[in-house]
Each structure stands twice: as structure tokens, then as C-alpha cells.
Amino acid sequence: MNIPFLGIGRKKSGTRASFADPDAITALLAECGLLRSQAEREGVELDDSAVSLERLDQLAPRWRDDAETLADLGHDAGLYLGTVVVRTVPGAAWEIRAVREPVVRLASGREVDVVRAGQEWAASGVPELSQLYAEVAEG
């Protein structure tokens, strides 16, 4: 993911970027406009909870017929998964790789490429977002 404005106001730490205001980056990455509108049309409320991930897993994948929507929705699904993890798993935080790709770093140091997981979910339904969340939340 290339978010050019993320370079503003960041401090370089090796090949990774750290941010003075992690809440601001979390809020920015939580927007997920396409996913939120798709979920709303289907009656699914995205409240940044693990339960909302289960509800997303139950949606009929109508987006798979449109390659552009598929890619964008998968991207948003990954950002939303990361948002839920960052907001509910102690010690989890967003980290932006040098190539401006967001990942979630757990307290253990493990990195989770949530965007890739979201894209796989959008394309095939596997792994389920709720299943990946459960694995990440366990540690």
C-alpha cells in the first residue's frame, strides 16, 4: 500500500516508520470506506469488534465479479482487521514498513500482514477474518 502523505511528520527508525501519534494513524487506517459502505448495505455494523469480523465472514461475496472492487474491498478488509486487532489486542500497534505498507506488530514482536490477509479473504474467503483474529488474539 502506498500512502504518500504518511511520510509527513514521521520519524525514521531503521527501515520502519514510527509515529508520534499512534491514535491518529489508527483512526486514518480505520476509515475503510468501501468496506463500511458494503457492510452497511448488507446490514452489518462495523463497530471494531471481533463479532463484526464474524459478520463480515458471513457476507455473500458479490464483489468477486468486479476486479477493481475486489482489490479495493480486500485492502479495506485488511485495514479493518488490523483496526480490530490494534483496538482490542493488548500491545498490538500499526507499523508502517519503509515501502509504506501497514502491518500490525504484536507485543510478541510478530508482524501480521493484515492487508494481504484481507485481500485473500476478499478473493477466496480464506482465511476467514474472524479466524485470523482469533489466532492473532491468542498470541
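Author: Happy to. The protein chain has six helices and five strands, and please keep in mind that the model is predicted.

Reader: In what order do the elements run from the N terminus on?
Author: The order is β-β-α-α-α-α-β-β-β-α-α.

Reader: And how much of the protein chain is buried?
Author: Of the 139 residues, 41% are buried.

Reader: Let's move to helix packing. At what angle do α3 and α6 pack?
Author: Helix α3, residues 50-57, packs with helix α6, residues 129-138, at about 150 degrees, and the axes are 7 Å apart. Angles over 145 degrees count as roughly antiparallel, so that is how α3 lies relative to α6.

Reader: Nice. Which residues make the contact?
Author: From α3 it is Ala50, Leu53, Glu54, Leu56 and Asp57, and from α6 it is Leu129, Ser130, Gln131 and Tyr133. Sorted by type, the residues of this contact are five nonpolar, two polar and two charged.

Reader: Staying with α3, which of its residues are buried?
Author: Those are Ser52, Leu53, Leu56 and Asp57. Viewed down the axis of α3, the buried residues fall within an arc of 150 degrees, so they line one face of the helix.

Reader: What do the buried residues of α3 pack against?
Author: They pack against α2 (33-41), α4 (67-88), α5 (114-124) and α6.

Reader: Changing topic: how many salt bridges are there?
Author: The count comes to eight salt bridges. As background, side chains of opposite charge can pair when their charged atoms come close.

Reader: Which partner does Arg87 have?
Author: Arg87 meets Asp48 in a salt bridge, at 2.2 Å from N to O. Arg87 belongs to helix α4 and Asp48 to the loop between α2 and α3, so the pair ties together parts that are 39 residues apart in sequence.

Reader: Buried or exposed, how do those two come out?
Author: Arg87 is partly exposed, at 42% relative accessibility. Asp48 is buried, at 17% relative accessibility, and the cut-off for buried is under 20%.

Reader: Which residues are linked in a network of salt bridges?
Author: The network links Glu95, Arg97, Glu101, Arg105 and Glu111. Within it, the side chains of Arg105 and Glu111 meet at 2.8 Å, N to O. Arg105 has a relative accessible area of 24% and is partly exposed, and Glu111 is partly exposed at 24% relative accessibility.

Reader: And Arg116, what does it form a salt bridge with?
Author: Its partner is Glu120, with the closest N and O atoms 3.4 Å apart. The two residues are four apart in helix α5, so about one helical turn separates Arg116 from Glu120. Arg116 is partly exposed at 49% relative accessibility, and Glu120 is partly exposed at 34%.

Reader: One last thing, where does Asp65 sit?
Author: Asp65 is in the loop between α3 and α4. Its relative accessible area is 76%, so Asp65 counts as exposed.

Reader: How many Å separate the C-alpha atoms of Asp65 and Ala123?
Author: They are separated by 9.9 Å, while the two residues are 58 apart along the chain.

Methods. Residues numbered from 1 in each chain as written. Predicted model: local features only at pLDDT ≥ 70, side-chain atom pairs only at ≥ 80, totals over all residues. Heavy atoms only, no water. Axes fitted to C-alpha atoms, helices over the stretch in contact; angles between N-to-C directions. Parallel < 35°, antiparallel > 145°, perpendicular 65-115°, else oblique. Contact = heavy atoms within 4.5 Å. Nonpolar A, V, L, I, M, F, W, Y, C, P; charged D, E, K, R; others polar. Buried < 20%, exposed > 50% of the residue type's maximum accessible area, 1.4 Å probe, protein only. Arc of directions from axis to C-beta. Salt bridge = Lys/Arg side-chain N within 4 Å of Asp/Glu carboxyl O.
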